[in-house]
Amino acid sequence: MAQGEHPAAASMAERAAEAQRATWVSVAVNLLMTVAQLVVGWLAHSQSLVAHGLHSFSDLLSDFLVIYASRQSAHPADEAHPYGHARMETGATLVLGASLALIGGGILWESGMRLQHIDALPVVELSALWVAIATVVSKEGLYRYLIRVAERQRSQLLTANALHTRADAASALVVVVGIGGALLGWSFLDLLAAALMGFMILRMGAELAWGAFRELIDTGLDAVQVEAIRQTLVATPGVLGLHELRTRRMAHQALVDAHVQVDARISVSEGHRIAELARARVLKEHPEVLDVLVHIDPEDDMDLDLLAPRLPSREILLHELRPLLADLPAPEKVVLHYLNGKVEVEVFLEHAFFENGETLRQAEAGIAERLRNHAVVRSISLNCMVAPK
């Protein structure tokens, strides 16, 4: 298969630039909220606000991770990475998910420990509530901006970062409730809010890490996407059947391998043309597909893969054909068809041989008799070329 350039390749630099712009906006918002939450949370004695500040700090770390990964994934394919560097996003998503799970687990543990000594907790001050409300508003606005960019780019990493921000907004809402309850006299609510926030972060991190891990072990596209690609392939003119279709994710894109069946007796070049047409149709109709490898089969060979290597090579068959073609002129061309565990042979002779009908009839009868018990060759057809070679 010739490897043509995918239309999306030219826009990789623009895609990376847009991702970095969005991420720098996220950096600015998270930096501001991290400082505000940590300082006010410490001064106002709010454990949940301090915990949320630590979460916002983890957002900063994830933002820089996104910037690094988007730059690396934009690098074109090279000798060491023939499919490009898109899985840098996948690896970064795995790191981000694992770090979130650890941070969430740490917050959950710390909150549980403090709940055992609730009588010693200091009184939460009103300033913590205002910062928590400001956090909800800013994080929700940031989420809406990031998710639009992520959907436009179909980026798993940007989506993960946007969902991270939405979870941060939701957890900040929990902090608002917890601080509000503490201000009303139920001081334990601040710690319960911190514990709930820790659980949410832990769950989200585990889901992100698991999704990235599944991609790294070449998990395929979902059934709906696979069926759509299947229909595109079988609708290609010249394709008679499709008996193997494999897909695997690569960041926001996918790779496809397909075995398509064509007429067993067409030429190699015609089969190649059908393969290129099938590949081009998939790339055009399914923009999430980065590349397609089309394997051409003359038959449904799913149960016959071990038979073809056992059949003799061309050199051996040409030697075995000599006694089968006894008393015939030297062939101008011999075409071999390896089909269903046997070999069918097309022999092209000079035009003059076919001028005598009786000679042709005798030759055919002799060949049929010699083929009666042949272990490999199923049939031999005699042909002539009427056009110039």
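So, Gly185: at 56% relative accessibility it counts as exposed, because the cut-off for that is over 50%. This is a predicted model, by the way. Gly185 sits in the loop between H5 and H6.

Okay, zooming out for a second. The protein chain has 10 helices and six strands. It runs to 389 residues, and 44% of them count as buried. If you take contacts between residues at least 6 apart in sequence, 74% join residues at least 24 apart.

Now, the inside. In soluble globular proteins, nonpolar side chains tend to be buried together. Here the largest nonpolar core has 25 residues. Which of them touch the most other members? Leu49, Leu100, Ala128, Ala132, Val175, Ile179 and Met197. As for where the core comes from, the elements giving two or more residues are H2 (47–73), H3 (87–115), H4 (127–153), H5 (156–183) and H6 (188–216). H5 gives the most, with seven residues.

Leave aside anything up to four places away in sequence, and Leu100 touches His55, Ser58, His164, Ile201, Leu202, Met204, Gly205 and Leu208. There's also a second, separate core, with 21 residues, including Leu311, Leu325, Leu336 and Ile380.

Last thing, a helix pair. Two packed helices are described by the angle between their axes and the distance between the axes. For H7, residues 223–234, and H8, residues 268–285, the angle is about 140° and the axes are 9 Å apart. Roughly antiparallel or oblique? Roughly antiparallel would take an angle over 145 degrees, so H7 and H8 count as oblique. The crossing is right-handed.

Who makes that contact? On the H7 side you've got Ile229, Thr232 and Leu233, and on the H8 side Ala278, Arg281, Val282 and Glu285. Sorted by class, that's four nonpolar residues, one polar and two charged. If you want to find it on screen, Ile229 of H7 and Val282 of H8 are among the residues in the contact.

Technical notes: Residues numbered from 1 in each chain as written. Predicted model: local features only at pLDDT ≥ 70, side-chain atom pairs only at ≥ 80, totals over all residues. Heavy atoms only, no water. Axes fitted to C-alpha atoms, helices over the stretch in contact; angles between N-to-C directions. Helix = DSSP H or I, 4+ residues; strand = E, 2+ residues; numbered from the N terminus. Parallel < 35°, antiparallel > 145°, perpendicular 65-115°, else oblique. Left-handed = near helix turned anticlockwise from the far one by under 90°. Contact = heavy atoms within 4.5 Å. Nonpolar A, V, L, I, M, F, W, Y, C, P; charged D, E, K, R; others polar. Core = buried A, V, L, I, M, F, W, Y, C linked by side-chain atoms within 4.5 Å. Buried < 20%, exposed > 50% of the residue type's maximum accessible area, 1.4 Å probe, protein only.
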